[in-house]
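Subject: Handover of a structure, with findings

Dear colleague,

Please find the structure below, together with its sequence. I would be grateful if you kept it open while reading the notes that follow.

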Amino acid sequence: MANLPDKDKLLHNFSRCNNWEEKYLYIIELGDHLPPLLTDMRTPDHLVSGCQSQVWIIMIVDENGDVQLYGDSDAVIVKGLIAMVFILYQGLTLEEICALDVRPFFNALALTQYLTPSRSQGLEAMVHGIRAQAVALQ
């Protein structure tokens, strides 16, 4: 996975932002850490439905059982939200991914108060898509 901060560092950095504009810029910066997907990975199979923007998320489990997530979007803020979701799942097993309740983390970030309803729905669609892939790979 990309060079992303852990959950605690993300919460700390997010809390240090003084206003929504700084938070918005930080989310975009997180998205810059995700490498773009190759064109052949941008397939309908990897497209997350329920997002206003185009979002592709790919989960791969290596021979050691380590989960790797790859993602991209055609919108910079959404790519940053993908990075935030990936931070939640860093280092988790497929079983842990399926069981993780992301609501406390998103509540701690107070994301829903800053995101439009369609972006919030898209965030939920990303989480649902990752869980669905984890279930399919178990």
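At what angle do H2 and H3 pack, and how far apart are their axes? The angle is about 75°, and the axes of H2 and H3 are 7 Å apart. Angles of 65 to 115 degrees count as roughly perpendicular, and H2 and H3 are therefore roughly perpendicular to each other. On the H2 side, the residues that meet H3 are Tyr 24, Ile 27, Ile 28, Leu 30 and Gly 31. Their partners in H3 include Val 76, Gly 80, Met 84 and Ile 87. Please bear in mind throughout that this is a predicted model.

Helix H3 also packs against two other helices. The axes of H1 and H3 come within 9 Å and cross at roughly 140°. That angle makes H1 oblique to H3. Here Lys 7, Leu 10 and Phe 14 of H1 are in contact with Met 84, Ile 87 and Leu 88 of H3.

With H6, the axis of H3 comes within 11 Å, at a crossing angle of roughly 40°. H3 is therefore oblique to H6. The crossing of H3 past H6 is right-handed. Among the residues making this contact are Val 78, Leu 81, Val 85 and Tyr 89 of H3, and Arg 119, Met 126 and Ile 130 of H6.

The next topic is the nonpolar core. The largest one has 43 residues, and those with the most contacts inside it are Met 84, Tyr 89, Phe 106, Leu 111, Met 126 and Ile 130. At least two residues of this core come from each of H1, H2, S1, S2, H3, H4, H5 and H6. H3 supplies the largest share, eleven residues. Leaving aside neighbours within four places in sequence, Met 84 is in contact with Leu 10, Phe 14, Ile 27, Leu 30, Phe 105, Leu 109 and Leu 111.

Finally, I would draw your attention to the loop between H2 and S1, where Leu 37, Asp 45 and Ser 53 are found. Which of these are buried and which are exposed?

- Leu 37 counts as buried, because its relative accessibility is 10% and the limit for buried is under 20%. Not counting residues up to four places away in sequence, Leu 37 touches Arg 42, Trp 56, Ile 58, Tyr 70, Gly 71 and Asp 72. The C-alpha atoms of Leu 37 and Leu 94 are separated by 22 Å, and these residues are 57 residues apart along the chain.
- Asp 45 counts as exposed, because its relative accessibility is 72% and exposed means over 50%. Between the C-alpha atoms of Asp 45 and Arg 103, 58 residues apart along the chain, the separation is 26 Å.
- Ser 53 is buried, with a relative accessible area of 13%. Its side chain makes a polar contact with the side chain of Arg 119, at 3.2 Å. Not counting residues up to four places away in sequence, Ser 53 touches Ser 73, Asp 74, Ala 75, Val 78 and Arg 119. Two of these, Val 78 of H3 and Arg 119 of H6, also take part in the contact between those helices.

Yours sincerely,

A colleague

How values were computed. Residues are numbered from 1 along each chain as its sequence is written. This is a predicted model: local features need pLDDT of at least 70, side-chain atom pairs count only at pLDDT 80 or more; totals for chains, interfaces and linings use all residues. Side-chain values use heavy atoms; hydrogens and water are left out. Helices (H or I, at least four residues) and strands (E, at least two) are DSSP runs, numbered from the N terminus. Buried means under 20% relative accessible area, exposed over 50%, partly exposed in between (1.4 Å probe, protein chains only). A polar contact is a pair of N or O atoms within 3.5 Å; within protein, one must be able to donate a hydrogen and the other to accept it, and residues adjacent in sequence count only if both atoms are side-chain atoms. Contact means heavy atoms within 4.5 Å. A nonpolar core is a set of buried Ala, Val, Leu, Ile, Met, Phe, Trp, Tyr and Cys residues joined through side-chain atoms within 4.5 Å. Axes are lines fitted to C-alpha atoms, for helices over the stretch in contact, and angles run from 0 to 180 degrees between N-to-C directions. Angles under 35 degrees count as roughly parallel, over 145 as roughly antiparallel, 65 to 115 as roughly perpendicular and the rest as oblique. A crossing is left-handed if the near helix is turned anticlockwise from the far one by less than a right angle, and right-handed if clockwise.
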